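Dear colleague,

I am passing this structure on to you, and below it I have set out what was found when going through it. Please read the notes with the model open beside you.

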Amino acid sequence: MPPNLQKTQRDRARPRTLVPFLRWAGGKRWFVRDHAGLIPTRFRTYIEPFLGSGVVFFHLRPERALLTDANSDLVTAFRGIRDQPTEVMRHLLLHEESHGTEHYRLTREANPPLLAERAARIIYLNRACFNGIYRVNRQGRFNVPMGDRKTIIYDTDDFQVLSEALQGAAIGSSDFEIAIDRAASGDLVFADPPYTVRHNNNGFIKYNETLFSWDDQERLAKTLARAVDRGAKVLATNAAHDSVRDLYAGHGFRLTEVSRFSAIAASGKNRRQYTEIVISSP
């Protein structure tokens, strides 16, 4: 049997800030840590159409939010934390107790019926897989191999507090344009899309079963520009590439270059400083 759930939650130190419960490629922990001053703090509704691990949402803790992502597994994890945090933790504790190569394989192939079980499954796979990568095969099934991490329950886990932060959030799976088009005057849109241009190299990044193409980049820029025209505030991040700079400068956005350390790489020599641009409304 897993350790007593109430004791586990009681003994765990409550974090000073809300730490996201997922690792996610392209996550913005570095951005919140080093460039929080660029993030608006006064707005009506917070809208994030590429949710990922929700770093900026948990940093701001807005009272009202619309959180969406094309990844239905990700959306399920957030809904589970919002609606059933105690049950999600209970199932995650069971995963920790059984963690190993065979359990990981069986969990990767499983399709549990209940929300808390489904949420705990994706959180477990995210923490146990190689580098926290999310990747699916042609059938849409998660297929990342197991990594070498042994810890499944983190000291920073406080699902109840995360749940409280999510109570004012509508969470769903949709195309980014649908979510952004709901932004009204005084709302804040934070958009952190999969990067079509990989920093200073041309190429695509696989996101779920589809590619975020250059057409999507152009559609995103136009959608954000429409939001600004309606009076919304916009903050976005993207690759520091001339094609991206030209695209957003053409729509009148302000561009600020920032740097980050990339830790998502198979070899140490590929883990180095990269530059990105922060795109903000005029």
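Two strands are taken to pair if DSSP finds at least two bridges between them, and the strands themselves (E, at least two residues), like the helices (H or I, at least four residues), are DSSP runs numbered from the N terminus. Please keep in mind that this is a predicted model, in which local features need pLDDT of at least 70 and side-chain atom pairs count only at pLDDT 80 or more, whereas totals for chains, interfaces and linings use all residues. Residues are numbered from 1 along each chain as its sequence is written, and side-chain values use heavy atoms, with hydrogens and water left out.

**Strands**

Strand 1 (residues 46-48) and strand 4 run parallel and are joined by two bridges, and within this pairing Tyr-46 has Leu-188 in strand 4 as its bridge partner. Strand 4 (residues 188-191) also runs parallel to strand 7, to which four bridges join it. Leu-188 has a bridge partner in strand 7 as well, namely Lys-233, while Ala-191 stands opposite Ala-236 of strand 7.

For burial, the terms are buried (under 20% relative accessible area), exposed (over 50%) and partly exposed (in between), computed with a 1.4 Å probe on protein chains only. In strand 4, Leu-188 and Phe-190 point one way and Val-189 and Ala-191 the other way, and all of them are buried. Strand 7 (residues 233-239) is mostly covered too, with six of its seven residues buried.

**Aromatic rings**

A pair of aromatic rings is described by the distance of the centres and the angle of the planes. Rings of Phe, Tyr and Trp (its six-membered ring) pair if their centres lie within 6.5 Å, and the pair is called stacked if the planes are under 30 degrees apart, edge-to-face if they are over 60, and tilted otherwise. By this rule there are 15 aromatic pairs. In one of them, the ring centres of Phe-21 and Phe-78 lie 4.8 Å apart with the planes at 55°, and the pair is therefore tilted. This pair links distant parts of the chain, since Phe-21 lies in the loop between helix 1 (5-11) and helix 2 (29-35), and Phe-78, 57 residues apart from it, lies in helix 4 (residues 72-83). Phe-21 counts as buried at 1% relative accessibility, and Phe-78 counts as buried at 0%.

The rings of Phe-176 and Phe-212 also form a tilted pair, because their centres are 5.8 Å apart and their planes stand at 55°. Phe-176 belongs to helix 9 (residues 176-180) and Phe-212 to the loop between strand 6 (210-211) and helix 10 (214-229), so the pair ties together parts that are 36 residues apart in sequence. Phe-176 is buried, with a relative accessible area of 4%, and Phe-212 is buried at 7%.

One aromatic cluster is formed by Phe-21, Phe-43, Tyr-46, Phe-57, Phe-58, Phe-78 and Phe-159, and two of these names have come up above as a tilted pair, Phe-21 and Phe-78.

**Empty space**

Rolling a probe the size of a water molecule over the atoms shows where empty space is left. The search uses a 1 Å grid over the protein atoms alone: a cavity is a set of points where a 1.4 Å probe fits but cannot get out, a pocket is an open set with protein on both sides within 12 Å along at least five of seven lines, and lining residues have an atom within 4 Å of a point. Grid points are joined across faces, edges and corners, and a volume is the space filled by probe spheres set on the points.

The second largest pocket holds about 260 Å³ of space, and its lining includes Thr-17, Arg-29, Phe-58, His-59 and Arg-61. Helix 2 and helix 3 (55-60) each supply at least two residues of this lining. Arg-61 lies in the loop between helix 3 and strand 2 (65-68), where its phi is near 50°, a positive value in a residue other than glycine. At 42% relative accessibility, Arg-61 counts as partly exposed.

There is one cavity of 30 Å³ or more, and the largest cavity holds about 30 Å³. Among the residues that line it are Trp-24, Ile-122, Cys-129, Tyr-134 and Phe-142.

With best wishes
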